[in-house]
Amino acid sequence: MVRGTKGRIASIAATAVLIGVPACSAPGDGGSDSDAGASLAVGIAYEPETLSPLLGYGKDGSSKIFDGLLTQNADLELKPALAATLPGVSDDGLTYTYTLRDGVTFSDGEPLTADDVVFTYDTILDAKTNNPSRAELDAIKSVRAKDDRTVVFRLKYRYAPFAGRTVLPIVPKHAVDGQNVNTGSFNTKPIGTGPYVLTGWTKGEKLTFKANPDYWGGAPKVKKLTLAIVADDDVRATRLRSGDLDAAILPPHLAGTFEKDTSRKVFTAESADYRAVTLPQGGKVTGDRAVRRALDIAVDRQAIVDSVLDGAGHPAAGPLSATSPYHADGTKRDHDPRRAREILDRAGWKRGSDGIRAKGGTRASFTLWYFSGDKLRQDHALAYASDAKKVGVEVKVQAGTREVVRPRLDRDAMLMGNGNPVDPDYDLYGLLHSSLAGNGWNNMARYDNASVDKALDTARRTADDTERRAAYTQVQRALVEDPGYTFLTLIDHMYVVNDDWSGVTTRVEPHDHGLAGPWWNVEDWKPRS
Amino acid sequence: MTFPWRAMLRMVGRRLLFALPVLLLVTLGVFALAAASPFDPVAQYAGTAGLSASQQTLDELRANLGVDGPFVVRWWHWLGAALTGDLGDSFSLRQPVAQVIGERTGWTVLLCATAFAVTVPLGTVLGVLAARRPGGWFDRVITSLSYTLEAAPVFWLGLLAIWAFALQLDVLPAGGLTDTRSAVVSPGQVTAHLVLPAGVLAVSQMPWFVLYVRQGVVDAYAEDHVTGARARGLKERTVLVHHALRSALLTVLTLIGSRVPELITGALLVETVFSWPGIAEATVRAATAVDFPLLAATTVLATAAVLLGNLLADLLYGLADPRVAFDG
């Protein structure tokens, strides 16, 4: 027994040492195949949950693996992609006909057909598919393949900005059919027609792509693309500085540290990404239009831009940024606390001994929520509360999770963010239309204004752009007189990119992190030489 | 003396019988805890897109995910499916749970095995060296270092290691499985990326081995047979290796098994800090996303690992010391 035990202990130790060998060997080479000039490593903060467009990936276009029927150019105008031309629209606005581009193949070599388009839309519209953005396609009644190359969409109602929704990526029917769309392998091993082909996805770490040599738009010059998921801003900046990354999204104070670096360029993208305070019409205090109007001019937006955003942003008067062709002039709010006090005085809100106003026994006080952990919204909320206090309104700032906040939104305020630069309808209809009050996360303030409802409907139904502009001007004017939200700021998104490429630009960006950034058209970049 | 197969098998059988109710209770507990969680699985699933979703879409998602109803009923359904081999689908990773486990377990085993392979021999050697002169300078340095490390949280050690080796010295990668630009998983790259996480895990486990071995050897030096060996004029080395170490190593054997739970919690933190794509990192995701199916499966795995670790420790102990019977 004695001898046997010794033998066994020795062999356990020997095994341990053998397994231990890799840990002891030097990490010397660290050999990254950095054939500079052909590869691009981008540091991003958010990882996509899935790579399947059927579950919502790339729904706003610019996904590198896929193409939509249409796409948007640098000015966010629609142009054909998988469709050969822009769609034909029937006179009643209810039928959209797309003809497919010839000779497009998926990265597995199979040709693109009208059946793939029909399959993509039908699957997303199926209630069994877990796509949270399905309501964006609400207008669709049916999608049919007229022949191999022609797809016909019929709508339930006139929906002027419908074509903009068809930037949605198209998936190959043959690769998904028979799989569970919610959990099948297509979620992690997608196949598309796009300029890049996925070569690997280590969750929580990175996505790697290689150029699609057979891309219908021409083979990209950036041959290898890596999207590294780095949640921490400081780590992203450090990895950029060390050369591990070629480009990254960074907050203003970190992007600023690269300003003097001649080998890199700092890009500032304007955005439609606003932060606003919801002021519920059912709240005891916020239900009073006078309070909402007073708060609208009591807040010092420029101060928030300067202090909270480090100057990287713009004051937001209404929900549409000045970059939008639909933005109405003359809706700018002045910072005027004196007039705010007058409005409150006239409405009967009298200052109490503690400086907070009251009316008929109701203190001018309400709760303002922000999502726990969102520092930017927290800072906005605190600045708002401090400005409100100066005119005698108490705003109690509180952090909460979605689950905590949502049931309270009919009477409490929330610091929200949203915005879509493509068409005003995409954001405003859900934000302001009374029929969607409290529906999901739509119209959180329960805003209810008949003239706004009517204008939103008009803008949705008419194809005439002048009429649409007039309708959205009316909406923005109405929000001055009867604000349902206090819009605070529009946030610039900042990026740093190694100056090795030409053709690098930014577009006006949406609130969604998605695939925004200078790399929206990385397939068109050319090496500088 | 013959090998005690029968006694060992009886012990394994008893432990397996005991494991069944434990596993059942643990999975029920997971479902109860997840149901009590203030987080809504649908909100977690929908992510940012959920903030612009319509109520109808959110309701459809809720129905599809099957997260309605009392947790006992959901647990019962899960159990029924799991027994037929269907572990369900992970909400957070949008993959079948079986696939998640298959893809990730290997990386966790590699990480833990490497850490253990470093910590056991190194801890033993350091413990023995410290015990040779209790109170000497080496002993004092090693012992105080061990107590300090024992108190240091693993994630803190991890962040410290990243700061020192990746950011300041720039000699080792800060995380992940391969270099940023690499699309292929090569042994060389994995080795380089394994050093920091495995090292941190090993260092965090080391104090226990060092302190136990040190105490074991110190105690053994005081035992009669060691005193006897010394009295017979045997060389110090012979006394240590053949007499003192023999009883001290018994401690190490039991410790190996009983460290498994600590190793698992350590792996949870290390994998998260270093973005190591293992099963522990998936467990953290599952917990924060209220991903019932994945959480239940990984909990079963962790529980099984703990029970196996204990069984292994008892078997080894019984083998190494015939005075201990296999009747636990």
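**View 1. Domain 1 and domain 3 of chain A, and the contact between them.** In this predicted model, the centres of domain 1 of chain A and domain 3 of chain A, taken over C-alpha atoms, are separated by 35 Å. The contact draws on 8 residues from domain 1 of chain A and 10 residues from domain 3 of chain A. On the side of domain 1 of chain A that touches domain 3 of chain A, the residues comprise 4 nonpolar, 3 polar and 1 charged. The domain assignment of chain A places domain 1 at 52–180 and domain 3 at 274–491, while domain 2 is made of two stretches, 188–271 and 496–527.

**View 2. An open sheet in chain A.** Four strands of chain A form an open sheet in the order 4-5-7-6, with antiparallel pairing. Strand 4 (88–89) and strand 6 (140–147) of chain A are the edge strands, each of which pairs on one side only.

**View 3. Strand 6 and strand 7 of chain A, with helix 2.** Strand 6 of chain A pairs with strand 7 (residues 150–155) of chain A in the antiparallel sense over 6 bridges, and Arg144(A) stands opposite Val152(A), a residue of strand 7 of chain A. Across strand 6 and strand 7 of chain A lies helix 2 (residues 114–125) of chain A, which runs at about 165° to strand 6 of chain A.

**View 4. The fold of chain B.** Chain B contains 13 helices and 2 strands, and its C-alpha trace spans about 85 × 55 × 35 Å along its principal axes. Of the 328 residues of chain B, 47% count as buried. Among contacts in chain B between residues at least 6 apart in sequence, 72% join residues at least 24 apart.

Technical notes:
Residues are numbered from 1 along each chain as its sequence is written. Chains are lettered from A and ligands numbered from 1 in the order in which they are written. This is a predicted model: local features need pLDDT of at least 70, side-chain atom pairs count only at pLDDT 80 or more; totals for chains, interfaces and linings use all residues. A residue is buried if 20 or more other C-beta atoms lie within 10 Å of its own, exposed if 12 or fewer, and partly exposed in between; C-beta atoms are placed from the backbone. Two residues are in contact if their C-beta atoms, placed from the backbone, lie within 7 Å. Domain bounds come from an automatic or database domain assignment. Ala, Val, Leu, Ile, Met, Phe, Trp, Tyr, Cys and Pro count as nonpolar, Asp, Glu, Lys and Arg as charged, and the others, Gly among them, as polar. Two strands pair if DSSP finds at least two bridges between them. Axes are lines fitted to C-alpha atoms, for helices over the stretch in contact, and angles run from 0 to 180 degrees between N-to-C directions.
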